[in-house]
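Hi there,

Here is the structure I promised to pass on. Have a look at it first, and then read my notes below.

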Amino acid sequence: MDHAAVLALFDRDMREGARPDAPGARVERAGKVVRQTGAEHGWNGVVWSDLDETTADAAIADQIRHFTGLRREFEWKLYGHDKPEDLGSRLRAAGFTAEPEETLMVAGLGDLALDAEPPEGVRLLPVTDRAGVDLVAEVHEQAFGTDGTRLRHQLLAQLTGEADTVVAVVALAGDVPVSAARMELLRGTRFAGLWGGGTVQAWRGRGIYRALVAHRARVAADRGYRYVQVDASGQSRPVLARLGFQPLTTTTPYVYAL
């Protein structure tokens with residue numbers, strides 16, 4: 001993989017040329033910033049910027065005014081190659097809080113091993129309705145220890161809107177949900193985004209996460225996508241590397257709370 005070329009393509013497709021990730025969301029360019037203003041319960045934030053030392057502080061202040069004027073908490077999604085080099089420090093000085101750094105990992109769908117299956121006794125169930133969304137949110141809360149309300153609203157909106165833009169799946173041991181994940185498929189891009197892959201503590205280390213990655217990658221390949229990408233935690237990065245994903249840069253969410 002030509003890392004620099006694929007990263008430049010990712011920036012064009014998924015950041016500067018970002019599409020709304022859910023019904024009711026709006027993506028717009030404000031000067032040298034691309035931002036999404038989400039619908040109720042949706043994601044709000046900055047996805048791309050082209051700033052330097054002379055323009056960064058004013059752009060940060062503009063985004064704070066925009067989102068706080070709407071009474072929205074928002075995220076500035078900062079990548080390791082974004083400029084200026086001290087943009088993270090400038091965001092912290094403006095009142096943002098940095099969440100844990102992740103690694104942007106990408107794989108060409110022709111390079112991935114897609115034959116991984118769940119372990120014996122575990123089956124994968126496609127999520128198509130409210131009951132399935134509730135199972136995904138239940139896993140999310142157990143796996144990550146965070147509230148699943150926003151995920152529940154966002155996924156349900158995606159499924160009831162343009163359902164072909166999201167693929168969600170839950171892994172069941174009998175009737176008990178033990179792992180879940182989703183994939184976002186935005187028209188006109190070459191990247192399918194893998195999100196939310198999580199497994200409850202007692203079921204980790206059995207290959208379920210690997211099976212969920214393979215399942216979603218097969219769907220992306222069938223629909224003509226060229227790459228799959230993940231914002232990988234330290235826990236998932238080794239598994240993804242063994243599957244064929246390569247690290248391109250880091251990404252850190254900077255959150256501005258009301």
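What follows is a short tour of what turned up, starting with how to read the values.

This is a predicted model, in which local features need pLDDT of at least 70 and side-chain atom pairs count only at pLDDT 80 or more, while totals for chains, interfaces and linings use all residues. Residues are numbered from 1 along each chain as its sequence is written, and side-chain values use heavy atoms, with hydrogens and water left out.

**The cavity**

The structure holds one cavity of 30 Å³ or more. A cavity here is a set of points, on a 1 Å grid over the protein atoms alone, where a 1.4 Å probe fits but cannot get out; lining residues have an atom within 4 Å of a point. The largest cavity has about 60 Å³ of space in it, a volume being the space filled by probe spheres set on the points, which are joined across faces, edges and corners. Its lining is made of V136, V139, H140, A143, F144, L151, A180, A181, R182, G196 and G198. Two or more of these residues come from each of α4 (130–144), β9 (176–185) and β10 (191–199). Helices (H or I, at least four residues) and strands (E, at least two) are DSSP runs, numbered from the N terminus. Helix α4 gives the largest share of the lining, five residues. Sorted by class, the lining has seven nonpolar, three polar and one charged residues. In that count Ala, Val, Leu, Ile, Met, Phe, Trp, Tyr, Cys and Pro are nonpolar, Asp, Glu, Lys and Arg are charged, and the others, Gly among them, are polar.

Is R182 buried or exposed? R182 counts as buried because its relative accessibility is 14%; buried means under 20% relative accessible area, exposed over 50%, and partly exposed in between (1.4 Å probe, protein chains only). Leaving aside residues up to four places away in sequence, R182 touches L151, V167, A168, G193, L194, W195, G196 and R216. Contact means heavy atoms within 4.5 Å.

The 12 residues of α5 (149–160) should span 16 Å at 1.5 Å a residue, and the end C-alpha atoms are 17 Å apart, so the two values agree. The expected span is 1.5 Å times one less than the number of residues in the helix.

For α6 (208–222), the 15 residues should span 21 Å at 1.5 Å a residue, and the end C-alpha atoms are 21 Å apart, which agrees. In α6, the buried residues are I208, Y209, A211, L212, V213, A214, R216, A217, V219 and A220. Their cover includes β7 (122–126), β8, β9, β10, β11 (227–232) and α7 (237–243). After α6 comes G224, with a positive phi near 90°.

P118, in the loop between β6 (102–108) and β7, touches L124 and A211, again not counting residues up to four places away in sequence. P118 and R210 are 92 residues apart in sequence, yet 8.0 Å apart in space, C-alpha to C-alpha.

Five of the five residues of β2 (33–37) are buried. In a regular strand the side chains alternate between the two faces of the sheet. Here both faces are covered, with V33, R35 and T37 on one side and V34 and Q36 on the other. β2 runs antiparallel to β1 (26–30), joined by five bridges, and antiparallel to β3 (45–49), joined by four bridges. Two strands pair if DSSP finds at least two bridges between them.

**Backbone points to check by eye**

Most residues other than glycine have a negative phi, and most peptide bonds are trans. H41, in the loop between β2 and β3, has a positive phi near 70°. R71, in the loop between α2 (56–69) and β4, has a positive phi near 60°. A cis peptide bond joins K83 and P84, with omega about -5°.

Best wishes

Technical notes
On a 1 Å grid over the protein atoms alone, a cavity is a set of points where a 1.4 Å probe fits but cannot get out, and a pocket is an open set with protein on both sides within 12 Å along at least five of seven lines; lining residues have an atom within 4 Å of a point.
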